[in-house]
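Subject: Structure handover

Hello,

Here is the structure I promised to pass on. Please open it alongside this email. My notes follow below.

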Amino acid sequence: MKKEGAMSARTLEVTVERDGMWWVFEIPELRTGGLARNIAEVEGEARGIIADWMSIHADKEFSVNVTVPGSAAVLAEWEAAQRDEEAARQAQARAAERRRAVVHELRVMQRYSVLDVGRVLGVSKQRVYQLEKPAAGEKVAP
């Protein structure tokens, strides 16, 4: 959680872990630390301690990088889930393209009526009309 936009000469690392109802953080470079009620408070608490410890202004002279060690497996699982979601979106888009192609084949190339296409594919005529519409961003041939 680096402070964005801060022109700082120095970044101090802060590690944090859960201990009961508190988040305990450590500032290894200063060999000190503190407590916070939630992760959102860690950076502010750490900045205050660092500023007091080093007798400097908390907003201008340094930045803070907060990490939660031990969460690598959880984050890896989160990222795997994001990849799965992206793969599912891509598969769904391919399936939609294929459905539109089938409807196009039956309606345009084989000249089936909307009712006949619906009967063959087991969908309503409204669904056939939906599938006939070009996908978002797709150009309609003249």
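Which residue in the turn between β2 and β3 has a positive phi? It is Arg 31, at about 55 degrees, in a hairpin with 4 residues between the two strands. Strands here are DSSP runs of E with at least two residues, helices are runs of H or I with at least four, and both are numbered from the N terminus.

Some ground rules. This is a predicted model, in which local features need pLDDT of at least 70, side-chain atom pairs count only at pLDDT 80 or more, and totals for chains, interfaces and linings use all residues. Residues are numbered from 1 along each chain as its sequence is written, and side-chain values use heavy atoms, with hydrogens and water left out.

The sheet

There is an open sheet of 4 strands, in the order β3-β2-β1-β4, with mixed pairing. Two strands pair if DSSP finds at least two bridges between them. β3 (32-36) and β4 (63-67) are at the edges. Each has a single partner strand, so one side of each lacks a neighbour in the sheet. From one strand to the next, the twist averages 30 degrees. Helix α1 (residues 39-54) packs on this sheet and touches β1, β2, β3 and β4. The direction of α1 makes about 40 degrees with that of β2. For such angles, axes are lines fitted to C-alpha atoms, for helices over the stretch in contact, and the values run from 0 to 180 degrees between N-to-C directions.

Now the pairs. β1 (residues 11-19) and β2 (residues 22-27) run antiparallel and are joined by 5 bridges. Arg 18 has Trp 23 in β2 as its bridge partner. Glu 17 stands opposite Val 24 in β2. The β1-β2 hairpin has 2 residues between the strands, and Gly 20 in its turn has a positive phi of about 65 degrees.

β2 has two faces. Trp 23, Phe 25 and Ile 27 make the covered one. Trp 22, Val 24 and Glu 26 make the uncovered one.

Take Val 24, in β2. Its relative accessible area is 30%, so Val 24 is partly exposed. The scale is buried under 20% relative accessible area, exposed over 50%, and partly exposed in between (1.4 Å probe, protein chains only). Beyond its neighbours within four places in sequence, Val 24 is in contact with Thr 15, Val 16, Glu 17, Asp 19, Gly 34 and Leu 35. Contact means heavy atoms within 4.5 Å. The C-alpha atoms of Val 24 and Asn 38 are separated by 9.5 Å, with the two residues 14 apart along the chain.

Then Ser 63, in β4. Ser 63 counts as buried because its relative accessibility is 4%. The side chains of Ser 63 and Thr 11 are joined by a polar contact of 2.8 Å. That term means a pair of N or O atoms within 3.5 Å; within protein, one must be able to donate a hydrogen and the other to accept it, and residues adjacent in sequence count only if both are side-chain atoms.

The helices

α3 (residues 114-121) and α4 (residues 125-132) have axes that come within 8 Å and cross at roughly 100 degrees. They are therefore roughly perpendicular. The classes are under 35 degrees for roughly parallel, over 145 for roughly antiparallel, 65 to 115 for roughly perpendicular, and oblique for the rest. Val 114, Leu 115, Val 117 and Gly 118 in α3 meet Lys 125, Val 128 and Tyr 129 in α4. This contact has 5 nonpolar, 1 polar and 1 charged residues. Nonpolar covers Ala, Val, Leu, Ile, Met, Phe, Trp, Tyr, Cys and Pro; charged covers Asp, Glu, Lys and Arg; the others, Gly among them, are polar.

α2 (residues 72-109) also meets α4: the axes come within 9 Å and cross at roughly 105 degrees. That makes α2 roughly perpendicular to α4. Arg 99, Arg 100, Val 103 and Arg 107 in α2 meet Val 128, Leu 131 and Glu 132 in α4. Here the count is 3 nonpolar, no polar and 4 charged residues.

Loops

Ser 55 sits in the loop between α1 and β4. Its phi is positive, near 55 degrees. Ser 55 is exposed, at 66% relative accessible area. Arg 111 lies in the loop between α2 and α3. Phi of Arg 111 is also positive, near 55 degrees, and Arg 111 is exposed at 72%.

Best wishes
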